[in-house]
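Please look at the sequence and the model below before reading on. The report goes from the whole chain to single residues.

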Amino acid sequence: MKTIITIAMAACALISAPAAAEVVSASPNAFHVRQSVPIAADAASAFAILSRPALWWSDAHTYSGDAGFFSLDLVPGGCLCETWGGGFVKHMEVVSMRPGTQIVMEGGLGPLRYVAASGTMTWEIADTETGRQFVIDYKVTGFVNGEGAQLAGAVDGVLAEQAQSFAATVAR
């Protein structure tokens, strides 16, 4: 299992964009990462795009190779899913939503799917003193063979890429 985690971490590191990262904390079996990027759109428009990850998620971080297969069902227990040609992945489950501002999901992305680790991820459109921001906050815990700190960096890099892609999509 340690080999699978190491291979997955290396793959994430190779295909993720350089991150303006914030690993808030990391320990052998847990981590907390946060991304925050400025966005140039009103909250309603930004949220409309946020709720359609097929528009902004990176193809490089999918199982199918095409983010166009992503969907997000904003209902209790709704799915951030990827469905293609008979295959599917349930990436996260929606546990809370505040229209126009916040989506909270639970689950394990990428290499976390293959170990006993899961977390809570919040996507938020937030107004701050410096302007409107898109914030991704992900807190993960579980059995990751003591490699929480290494996974934190890889996951943070992938989330940085998603945050930057979202901001670019909103700006169009």
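## The chain as a whole

This is a predicted model. The protein chain contains three helices and eight strands.

Of the 172 residues in the protein chain, 47% are buried. The chain exposes about 8000 Å², and 58% of that area comes from carbon and sulfur atoms. Taking contacts between residues at least 6 apart in sequence, 55% join residues at least 24 apart.

## The sheet

Eight strands form an open sheet with antiparallel pairing, in the order β1-β2-β8-β7-β6-β5-β4-β3. At its edges are β1 (23–27) and β3 (70–72), each of which pairs on one side only. On average, neighbouring strands of the sheet are turned by 20° against each other, direction ignored.

One of the pairings joins β2 (residues 30–38) to β8 (residues 131–143). These two strands are antiparallel and share nine bridges. Within this pairing, A30 has T141 of β8 as its bridge partner.

## Helices on the sheet

Helix α3 (residues 148–171) packs on the sheet and touches β1, β2, β7 and β8. The direction of α3 makes about 20° with that of β2.

Helix α2 (residues 43–50) lies across β3, β5 (87–98), β6 (102–107), β7 (116–128) and β8. Relative to β7, helix α2 runs at about 155°.

## A residue in a loop

S51 sits in the loop between α2 and β3. Is S51 buried or exposed? A residue is called buried when its relative accessible area is under 20%. S51 has a relative accessibility of 17%, so S51 counts as buried.

Apart from neighbours within four places in sequence, S51 is in contact with L72 and L74.

## The disulfide

A disulfide is a covalent bond between the sulfur atoms of two cysteines. The structure has one disulfide. Which residues does the disulfide join? It links C79 to C81, with an S to S distance of 1.5 Å.

The torsion about the S-S bond of C79 and C81 is about 85°, and the disulfide is therefore right-handed. C79 is buried, because its relative accessible area is 15%. C81 is buried as well, with a relative accessible area of 15%.

Conventions: Residues are numbered from 1 along each chain as its sequence is written. This is a predicted model: local features need pLDDT of at least 70, side-chain atom pairs count only at pLDDT 80 or more; totals for chains, interfaces and linings use all residues. Side-chain values use heavy atoms; hydrogens and water are left out. Two strands pair if DSSP finds at least two bridges between them. Helices (H or I, at least four residues) and strands (E, at least two) are DSSP runs, numbered from the N terminus. Axes are lines fitted to C-alpha atoms, for helices over the stretch in contact, and angles run from 0 to 180 degrees between N-to-C directions. Contact means heavy atoms within 4.5 Å. Buried means under 20% relative accessible area, exposed over 50%, partly exposed in between (1.4 Å probe, protein chains only). A disulfide is a pair of cysteine sulfur atoms within 2.5 Å. Accessible areas come from the Shrake-Rupley method with a 1.4 Å probe; for residues, only the protein chains shown count as cover.
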